[in-house]
Amino acid sequence: MEGVEVTPLPATFWHDRRVLVTGATGMIGSWLVKDLLARGASVVALIRDADPQSELYRSEDVRRVAVVNGMLEDFWTLERAINEHEIDSVFHLAAQTIVGTAHRFPLSTFESNVRGTYNLLEACRIHREIVRRVIVASSDKAYGEQPSLPYTEEMTLGGRRPYEVSKTCTDLIAQAYHHAYGLPIAVARCGNVYGGGDLNWSRIVPGTIRSFLLGEPPVIRSDGTYVRDYSYVKDITLAYLRLAEGLEHDTVRGEAFNFSGESPVTVLELVGRIQELMDCGHLTPAVLDEARGEIRQQYLSAAKARERLDWRAAYTLQKGLQETITWYRHFFAT
């Protein structure tokens with residue numbers, strides 16, 4: 001099956017499809033909902049906490065979706081959402097995504113990321129007569145530390161720290177539900193995703209932009225030399241859609257795919273790019289060198305996604321950051 005590209009589907013593919021998005025108030029979830037609505041999908045959003053600052057609410061897209069209130073840890077909420085809304089497609093994005101949070105108190109991360117995943121996939125399994133495709137968001141963190149880079153999909157998953165382990169488990173549980181029960185699943189592994197709507201200020205991109213807009217030096221928790229992929233949210237939402245469409249083909253079902261712009265940079269380099277775009281050379285970053293529980297170098301090969309899905313990042317880091325800065329300027333001005 002190597003190198004076999006899937007056939008593109010018609011633009012009307014998502015029209016009137018009933019789609020469940022978990023994590024719909026998150027940064028990626030909000031933009032994915034926007035893309036699905038633009039394609040005519042009927043979206044059901046699982047929402048734990050209503051956040052009026054989320055892009056889902058600020059854009060008023062929440063008025064155009066059906067909302068199911070509840071948590072991933074509650075199996076019967078998920079079963080009801082899928083059964084009563086007759087869900088055709090599932091995008092599982094909801095998770096506890098902050099590495100530091102997982103390191104300080106891992107239990108809640110394991111509950112949402114591990115229990116939440118098997119609860120959702122079990123609900124999909126018992127309603128497999130209506131569920132036609134499931135996309136599970138994993139992470140580059142699922143690979144753990146590897147002897148060579150970039151990460152490629154055939155590498156053994158090896159998370160060791162709490163957040164990494166939660167994503168390794170998420171990934172393996174998804175694969176188990178495909179191989180044991182034939183559930184039509186594909187797994188997406190992304191690096192760091194940035195874009196408008198990310199209000200987790202501890203993350204480097206929104207935190208740095210906010211600091212510069214406030215006229216303050218940005219804070220770098222690490223020593224600044226950590227290397228990461230940074231992918232623009234609009235590239236990633238299109239990757240999720242392309243992957244879901246690809247589940248019509250045997251070359252995609254049960255497979256994992258890396259998505260990346262394949263241009264890794266250090267944290268200091270990233271902050272420098274933002275600094276230049278915002279004309280804030282007079283504000284010197286504060287380097288704390290206090291990061292704990294994180295891998296020093298992580299970046300992905302997206303060759304498999306190019307070959308099988310005909311997907312590639314459309315945004316350079318420069319272009320993506322420019323759009324992101326514009327979003328935050330508007331956010332803080334209103």
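Does Cys124 count as buried or exposed, and at what relative accessibility?

Modeller: This is a predicted model, in which local features need pLDDT of at least 70 and side-chain atom pairs count only at pLDDT 80 or more, while totals for chains, interfaces and linings use all residues. Residues are numbered from 1 along each chain as its sequence is written, and side-chain values use heavy atoms, with hydrogens and water left out.

Cys124 counts as buried, because its relative accessibility is 0%; buried means under 20% relative accessible area, exposed over 50%, and partly exposed in between, with a 1.4 Å probe and protein chains only. Cys280 is likewise buried, at 7% relative accessible area. A disulfide requires a pair of cysteine sulfur atoms within 2.5 Å, and the structure holds 0 of them. For Cys124, the nearest cysteine sulfur belongs to Cys169 and is 19 Å away.

The charged side chains come next. Side chains of opposite charge can pair when their charged atoms come close. A salt bridge is taken here as a side-chain nitrogen of Lys or Arg within 4 Å of a carboxyl oxygen of Asp or Glu, and by this rule the count comes to 25.

One of these joins Asp88 to Arg17, with 3.3 Å from N to O. Asp88 lies in the loop between helix H3 (75–84) and strand E4 (89–92), and Arg17 in the segment before strand E1 (18–22), so the pair ties together parts that are 71 residues apart in sequence. These elements are DSSP runs numbered from the N terminus: helices (H or I) have at least four residues and strands (E) at least two. Asp88 is itself buried, at 13% relative accessible area.

A second pair sits within one helix. Arg115 and Glu111 meet in a salt bridge of 2.8 Å, N to O; being 4 residues apart in helix H5 (residues 106–126), they are separated by about one helical turn. Arg115 is partly exposed at 32%, and Glu111 is partly exposed at 26%.

Arg221 counts as partly exposed, at 39% relative accessibility. Elsewhere, salt bridges that share partners join Arg17, Asp88, Arg133 and Glu248 into one network.
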